[in-house]
Amino acid sequence: MVECVSHGSSFQTFVCEELAASPRQEWFSGPPDDAAACLTPGARGCDKIYRAYSAWTDENCSRIELKVLRHHCYEAARGRATGGHYRLSDDE
């Protein structure tokens, strides 16, 4: 647990830099996988990097910047996504 100035005790979560900067867009994410090198919700550009490799690897993870969000902040940002869109990358 970490302390969030706005929300108190929270867990760390990670999103791509693009989503952290502008959460009002469609969010993409792969299914949970403990073996993934950097499973994280990402914007369309990050999803294209993911799809180029069909999985998160050390190589494609090095091509994106991750930002830490506390889980309450993550939920608030995700809730601001345009139209509330959120889908798993594999569900197209």
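Guide: K67 has a relative accessible area of 35%, so K67 counts as partly exposed (buried is under 20%, exposed over 50% and partly exposed in between, with a 1.4 Å probe and protein chains only). The model is predicted, so local features need pLDDT of at least 70 and side-chain atom pairs count only at pLDDT 80 or more, while totals for chains, interfaces and linings use all residues. Residues are numbered from 1 along each chain as its sequence is written, and side-chain values use heavy atoms, leaving out hydrogens and water.

The side chain of K67 forms a salt bridge with that of E17, at 3.9 Å from N to O (the criterion is a side-chain nitrogen of Lys or Arg within 4 Å of a carboxyl oxygen of Asp or Glu). This pair links distant parts of the chain: K67 belongs to strand β5 (residues 66-70) and E17 to helix α1 (residues 17-21), 50 residues apart. Helices (H or I, at least four residues) and strands (E, at least two) are DSSP runs, numbered from the N terminus. E17, with a relative accessible area of 38%, is likewise partly exposed.

In the whole structure, the search finds three salt bridges. One of them joins the side chains of E26 and R44, with an N to O distance of 3.0 Å. That pair also links distant parts of the chain, since E26 sits in the loop between α1 and β4 and R44 in helix α2 (residues 44-53), 18 residues apart. E26 has a relative accessible area of 21% and is therefore partly exposed; R44, at 44%, is partly exposed as well.

Another salt bridge pairs R51 with D47, at 2.9 Å from N to O. Both residues lie in helix α2, four residues apart, about one turn of the helix. R51 is partly exposed at 35%, whereas D47, at 6%, counts as buried.

Next, the nonpolar surface. F14, L66 and V68 form a nonpolar patch with about 220 Å² of accessible area together. Patches take residues with over 30% relative accessible area and no salt bridge, joining like charges within 9 Å and nonpolar side chains (Val, Leu, Ile, Met, Phe, Trp, Tyr) within 5 Å; areas come from the Shrake-Rupley method with a 1.4 Å probe, and for residues only the protein chains shown count as cover. F14 is in strand β3 (residues 12-16) and is partly exposed at 36%.

There is also one aromatic pair. The ring centres of W27 and Y74 are 5.6 Å apart and the planes stand at 85 degrees, so the pair is edge-to-face (rings of Phe, Tyr and Trp, the last by its six-membered ring, pair with centres within 6.5 Å; planes under 30 degrees apart are stacked, over 60 edge-to-face and the rest tilted). W27 lies in strand β4 (residues 27-29) and Y74 in helix α4 (residues 71-79), 47 residues apart. Both W27 and Y74 are buried.

As for the chain, four helices and six strands are present, in the order β-β-β-α-β-α-α-β-α-β. Of its 92 residues, 34% count as buried.
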